[in-house]
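Please look over the sequence and the model before reading on. The paragraphs below lead from the overall chain to one pair of helices and then to the ligand.

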Amino acid sequence: MPKAYNPNDIYFRKAKERGLRARSAFKLEEIIQRHPTLIRKKSNIVDLGACPGSFLQILAENNPGGKICGVDLQEIKKFPRNFPAQLKLIQGDIFEEDTAQQILKFFDGKKADFITSDMAPRTSGIKSVDQYRSIELNQRVLEICDKQLKYNGNLVSKIFKGEDFEEFWINEFRECFEKTKTFKPKACRDRSFEMFLIGIGWKGERKKTEESGILEEMTEEDYLREMGRL
Ligand SMILES: C[S@@+](CC[C@H](N)C(=O)[O-])C[C@H]1O[C@@H](n2cnc3c(N)ncnc32)[C@H](O)[C@@H]1O
């Protein structure tokens, strides 16, 4: 039998003690500890689905002096001035082109070295629907990587595992990186079907498909031209 849900579990208490905004911090912390090459020195990092901000806190601890951009549909509460990395908080939907442009702008048109996504769809209570929406979020994450992740950059992205997972994993995710693996951190609740996909060494822009979306409307070159950098 899986353990019953307990909001006051050990990770919840540890997060409070360390001043972390959510217990999910420990998921990312374990991923980074086990895969220390994911973050290079002074990286440009994008965190998708960043609210309330515990991934941002772990990323900043591991990327002092770097630049981090947190994006969420919800407003992320500001951090104190002594936050260890240069931080931009964007309230926006990752399916909106404007959100993608704001991220690029913060990095002065440069691509990110590392992207994390802890995005979760608003749960419907129907397992197969939630799992499918999680795949859609992950497809969008790959579209964002297309435009915003540096060649050889890395990605960590949460997914709900369900019946559509294998196809996405084999035909889409694994194709994009030199090395890939799945990982379930200890802090993921036993009863949850969430896990993380790790992609190391982004191979570069994917082949375009008819479905691959909104970001195609403006190429990076178009954007740089518009910004007066070309
Ligand atoms: C589990 S929470 C993230 C917790 C966060 N990683 C932390 O450590 O504090 C998932 C977040 O994904 C966000 N999200 C879901 N769909 C999104 C979308 N289309 N665009 C931006 N954020 C989204 C939700 O608003 C929610 O805040």
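What follows is a walk through a predicted model.

The chain contains seven helices and seven strands, and, read from the N terminus on, these elements follow one another in the order α-α-β-α-β-β-α-β-α-β-α-β-β-α. Of its 230 residues, 37% count as buried. Among the contacts in the chain with a separation of 6 or more, 64% are accounted for by residues 24 or more positions apart.

The next stop is a pair of packed helices. In general, two packed helices are described by the angle between their axes and the distance between the axes. Helix α4, which spans residues 97-106, packs with helix α5, residues 127-148, at an angle of about 40°, and the two axes are 11 Å apart. The crossing of α4 and α5 is right-handed. On the α4 side the contact is made by A100, I103 and L104, which meet I144, K147 and Q148 in α5; by class, this contact has four nonpolar residues, one polar and one charged.

Finally, consider the ligand, which has 21 residues around it, and of these G49, C51, S54, F55 and D118 come nearest. The elements that give two or more residues to this shell are helix α3 (54-61) and strand β2 (67-72). By class, the residues of the shell divide into 12 nonpolar, five polar and four charged.

Technical notes:
Residues are numbered from 1 along each chain as its sequence is written. This is a predicted model: local features need pLDDT of at least 70, side-chain atom pairs count only at pLDDT 80 or more; totals for chains, interfaces and linings use all residues. A residue is near a molecule or strand if its C-beta atom, placed from the backbone, lies within 6 Å of it. Helices (H or I, at least four residues) and strands (E, at least two) are DSSP runs, numbered from the N terminus. Ala, Val, Leu, Ile, Met, Phe, Trp, Tyr, Cys and Pro count as nonpolar, Asp, Glu, Lys and Arg as charged, and the others, Gly among them, as polar. Axes are lines fitted to C-alpha atoms, for helices over the stretch in contact, and angles run from 0 to 180 degrees between N-to-C directions. A crossing is left-handed if the near helix is turned anticlockwise from the far one by less than a right angle, and right-handed if clockwise. Two residues are in contact if their C-beta atoms, placed from the backbone, lie within 7 Å. A residue is buried if 20 or more other C-beta atoms lie within 10 Å of its own, exposed if 12 or fewer, and partly exposed in between; C-beta atoms are placed from the backbone.
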